[in-house]
Amino acid sequence: MSAESLRDLWLTYQSTVAFIGLNGLLALSVYTTLSCGQLSLAQAGFMALGAYASAVLTLHTQAPFPLVLLAGAAAPALVAIPLGLPVLRLKGVFLAIATIGFGEVIRIFFVNLDFTNGALGLVAIPQRTGLPVIYAALGGALFVLWRIRGSRAGYALEAIREDEPAARTMGIDASAYKLSMLVLGAALAGLAGALDAHFNFMVAPSNYSFGRVVDMLVYAVVGGTTVFYGPVLGAAFLTLLPEVLREVGSRVGLQPGPLRLFVNGLVLLLVILFLPNGIASLPGRLRRRRAGAHAA
Amino acid sequence: MGQQIVNGLFLGSIYALFALGYTLVFGVLDILNLAHQAVFMLCAYVALLLVLHLHLPMFVAFPVAVAAGGLVGLAVERIAFRPLRGRSDSNISGLISSIAMATILEALALQLFGPDVERFPFGVVPDRTLHLGDAVVSELQVVIIAIALGMLAVLTFVLKRTVLGRRIRAVAESPTAARVLGVNVDRVIAASFFVSSALGAAAGVLFGLAFNSVSPDMGRTVELKGLAVIILGGMGSMPGAAIAGFALGLLEVFTVAKLGSSYRDAVAFGVLFLVLVFRPRGLLGAAALREA
Amino acid sequence: MRLPLLSLLAAAIAAGAAPAGAAETVKIGAVFSLTGNAAAYGAQQKAGVQLAVDELNKSGKLPGITLELVLEDDGTNPQQGISVFDRLINLNKVSAIIGPTLSTLAEAADPRAQAQKTPVVAVSNTKPNAITTIGDYIWRVSLTEAQVIPSAIAIAREKLGFKTAAILYGNDDAFTKAGFDVMKGSLEKSGVPILGIQTFATKDRDFNAQLTALKALKPDILFVSALVEQAGSIAVQARQLGYTGPIMGGNGFNSTKFIQLAGPAAEGVLVGTAWNRASQDPVNQAFIAAMKARGTDPDQFGAQAYTGVLVIADAIRLAGMKGGRDDIKAGFAKVKDLPTPLGKFSFLPNRDGNHAAAVQVVKGAKFEILQ
């Protein structure tokens, strides 16, 4: 392959590589609460808050990009606190529903906010995000989660996930941990939103719908939620899949849209039924199976 | 004013019908079946195909589509929920599994029918209108409200007075106890899914007729409103779902009339939120362990 | 020693013949919503560009050049639109892109084309004061709402004589909101009081509450800015509620799908249009006949997409039969009074399109020009 065709290949797929990084961040934002056993689906709303906050700053002030990103992470994190306090008391599905509702309320709020052009959103945002920033952010998030895992906090989270009442009796402040994870998740989603807004030139409420957070959940689950890097694997796999499918689909004569949706659904179903700990657990399983074969 | 009440009751009856199936499965299995809206959508298409291609009259196509919905529900239960039964996190993994089924069904619909909005051919339901005071009610709207109320009545009867109903309630209380008492839990759960999905299918066909549009994404908004309805009504409560459905319909319509349409969707979620924060069991839900 | 001379002669003739026979292929990318909310328009646009490319290749109007169409679906999804633009520009190396279908998508994807110096011809983006403002590589064939609606309202007022109005519009789409802004501005300028304004979301199916509220105000005419699928339901529900007054729609109504969806309720609905289908101009009549021969009853979107290709071809011709990106861009600036189904077409200095508009009314399940 010549240098020029490599460069063209790069230009064509650079947005895909960027989306893998962004989707990885988003998947991690869902993972933070899953790691202590809570299913929070408000992340699309948090992403919207981060995206809008950062976009408004860029368009109306001369703030430097790092500051803009910080604001993008901080805005939803702050909102997550008053949200989490009443809502984290709820169990399982009820928490999920409450957070879905919250996410939708945020979206509707932005649809009706004239200051940001309502449903039309903000356009012509200068492209300040590049691949290095995205992957630096992703790397930073992974680092933080890695440090948490091995620490006492990590064990506490694990305990809460396994059996919350038991963890409480052991003296673990479950409420504080759950809230912290919600806030961390909100910050990650907001950061991703800010990066996304400065990559795609625009923010619009339709980007932050319920469907978006379902996508994030799918990345996390398919990748695996028992290890901190699992969600990123899921994001990478499911972001690349449509590109691969596009080639296959056009040859087989199937519409790309339905095919992608179908494969997403099928992959999720197979994972949840047969590989509940996601792609990340695959090496472990294969290793065990091989060991089992040898042990005969 | 009278017209808006009619609009509200009409919208509400569809919400109520949709929510009935939703809340039934939750009451029995403790799982939120997010594939419900896909069955809603798919069976609207089934009815559409029966009318368009086989030229069946609506009063034949409707029950056929409803039965088809029940069958799809059985399939969904078998594929996506039963294998997860023993797991400890079965309500979250069940939720995710139902999302997967919904995505697959929606993809199927997109591939088979395309993304465009379709409508039932004109004249498939009688077009007459009645005038009540200053309100205009179409015959179709009256029929839909009647069917919703009728199905609620039948469902309540089944649950309270029949053997199946008793078994369903037993399983809802405690599957282990029910099994000990000799109830075939798997069969009962399958039956609940059949009923639930049949209700969803009915809601779908009526929705398609009521608003003259059938499209692969028609379940999405109803699904989210449906969440608000079952929370307001109380998870697992049939009468709660019905009352909440009508209430939400009226609330939405009057919000539009008095405050403007921008706030229409926010009302549903606002209600959802307030209920979850202040009275998680909703209007008629059991005061069971809803809090962590 | 004749043989070597003969072979030399043969070689010379062959060498001379080769360049004249070799055709240069100019790739044109087309990005339309073939799936998603705007798919009804995308289907027409696809038919329009395919017809135009086939006709041009057969006609010999561009000697030495073969046009190759690369068609992609943006799924009515901005992220997909951006990815598809990147592919067309860098992988397929197209000389120009036609599309995308909706203004919302254009605002996301066109900047990438501008940054990578690839000309874009918008054939259905009608948001005023936008699109072409993205940069000098973005050109527009479709008239903006600001060009069509005011004259349509004026014509309708002359024929129908309405005194008050009400407006219903979709507030979550760039195009329907822009249409509303123009309708409101135009009515206010003409001194027509707007008795009430209601909104809806693209995903809504139930418009009874909004329509009831507006009907109660007894306006003389109802303006609606919506995409075609909602437009159909709105018309049906309005008539069902007993509203008998005239309804005038924005550009979203300009699709045969509207008539199909609304059925009997479509009768008498008015729409401003950029395409006068009743025009007896031979270019227009030939276009309609050719589209029908291919099984598509053309609407405004088909006509505009077809014109988009004609404009690109003309730009290539004016640039000296050169099909590179900057050649086409330079050629656009020279396009003047090009005969198209839309009428005689030229670009304005700000790269927007310019030709006469008209008002249509639905009669007997067909669009006709309002007389």
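The structure discussed below is a predicted model.

Q: Into which domains is chain C divided?
A: The assignment gives chain C two domains, one of them built from two sequence segments, 24–143 and 279–356. The other domain covers 146–273.

Q: Which helix gives the most to the side of domain 1 of chain C that touches domain 2 of chain C?
A: The centres of the two domains of chain C, taken over C-alpha atoms, are separated by 28 Å, and 16 residues of domain 1 are in contact with 17 residues of domain 2. On the domain 1 side, helix H2 (39–59), helix H4 (103–115) and helix H11 (300–318) of chain C each supply at least two residues. By class, this side has seven nonpolar, five polar and four charged residues. With three residues, the helix that gives the most is H4(C).

Q: What secondary structure does chain A have, and what is its radius of gyration?
A: Chain A has 12 helices and zero strands. Its C-alpha trace spans about 60 × 50 × 30 Å along the principal axes. For 296 residues the globule rule gives 19 Å, and chain A is close to this value, so it is as compact as a globular protein of that length; its radius of gyration is 20 Å.

Q: What percentage of the contacts in chain A with a separation of 6 or more is accounted for by residues 24 or more positions apart?
A: Buried residues make up 55% of the 296 residues in chain A. Among contacts in chain A with a separation of 6 or more, the part that joins residues 24 or more positions apart is 77%.

Q: Which helix gives the most to the side of chain A that touches chain B?
A: In this interface 37 residues of chain A are in contact with 35 residues of chain B. The elements of chain A that give two or more residues to its side are helix H4 (92–111), helix H9 (210–223) and helix H11 (256–274). The chain A side has 26 nonpolar, seven polar and four charged residues. With 12 residues, the helix that gives the most is H4(A).

Q: From which helix does the largest share of the side of chain C that touches chain A come?
A: Here 18 residues of chain C are in contact with 18 residues of chain A. Helix H3 (78–90), H4 and helix H6 (174–189) of chain C each supply at least two residues of the chain C side, which has six nonpolar, five polar and seven charged residues by class. The largest share, six residues, comes from H3(C).

Q: How many residues does the largest nonpolar core have?
A: The residues with the most contacts inside this core are A:Leu268, B:Leu17, B:Leu20, B:Cys43, B:Ala44, B:Ala47 and B:Ala65. The number of residues in the largest nonpolar core is 343.

Q: How many of the residues of helix H7 (residues 208–215) of chain C are buried?
A: The buried residues of H7(C) include C:Asn208, C:Gln210, C:Leu211 and C:Lys215. Their cover includes H1 and helix H10 (238–259) of chain B, together with elements of chain C, among them strand E6 (165–170) and helix H8 (228–240). H7(C) is largely enclosed by the rest of the structure, because its buried residues number eight of the eight.

Q: Which residue in E10(C) stands opposite C:Gly249?
A: Strand E9 (residues 247–249) and E10 (residues 270–273) of chain C run parallel and are joined by two bridges. Both faces of E10(C) are covered, with C:Leu270 and C:Gly272 buried on one side and C:Val271 and C:Thr273 buried on the other. The residue opposite C:Gly249 is C:Val271.

Q: Is C:Ile288 buried or partly exposed?
A: C:Ile288 lies in helix H10 (residues 282–293) of chain C. Beyond residues up to four places away in sequence, C:Ile288 touches C:Arg277 and C:Pro298. A buried residue needs 20 or more other C-beta atoms within 10 Å of its own. C:Ile288 has 16 C-beta neighbours inside 10 Å, so it counts as partly exposed.

Note on methods
Residues are numbered from 1 along each chain as its sequence is written. Chains are lettered from A and ligands numbered from 1 in the order in which they are written. This is a predicted model: local features need pLDDT of at least 70, side-chain atom pairs count only at pLDDT 80 or more; totals for chains, interfaces and linings use all residues. Helices (H or I, at least four residues) and strands (E, at least two) are DSSP runs, numbered from the N terminus. The radius of gyration is taken over C-alpha atoms; the globule rule is 2.2 Å times the number of residues to the power 0.38. A residue is buried if 20 or more other C-beta atoms lie within 10 Å of its own, exposed if 12 or fewer, and partly exposed in between; C-beta atoms are placed from the backbone. Two residues are in contact if their C-beta atoms, placed from the backbone, lie within 7 Å. Domain bounds come from an automatic or database domain assignment. Ala, Val, Leu, Ile, Met, Phe, Trp, Tyr, Cys and Pro count as nonpolar, Asp, Glu, Lys and Arg as charged, and the others, Gly among them, as polar. A nonpolar core is a set of buried Ala, Val, Leu, Ile, Met, Phe, Trp, Tyr and Cys residues joined through C-beta atoms within 7 Å. Two strands pair if DSSP finds at least two bridges between them.
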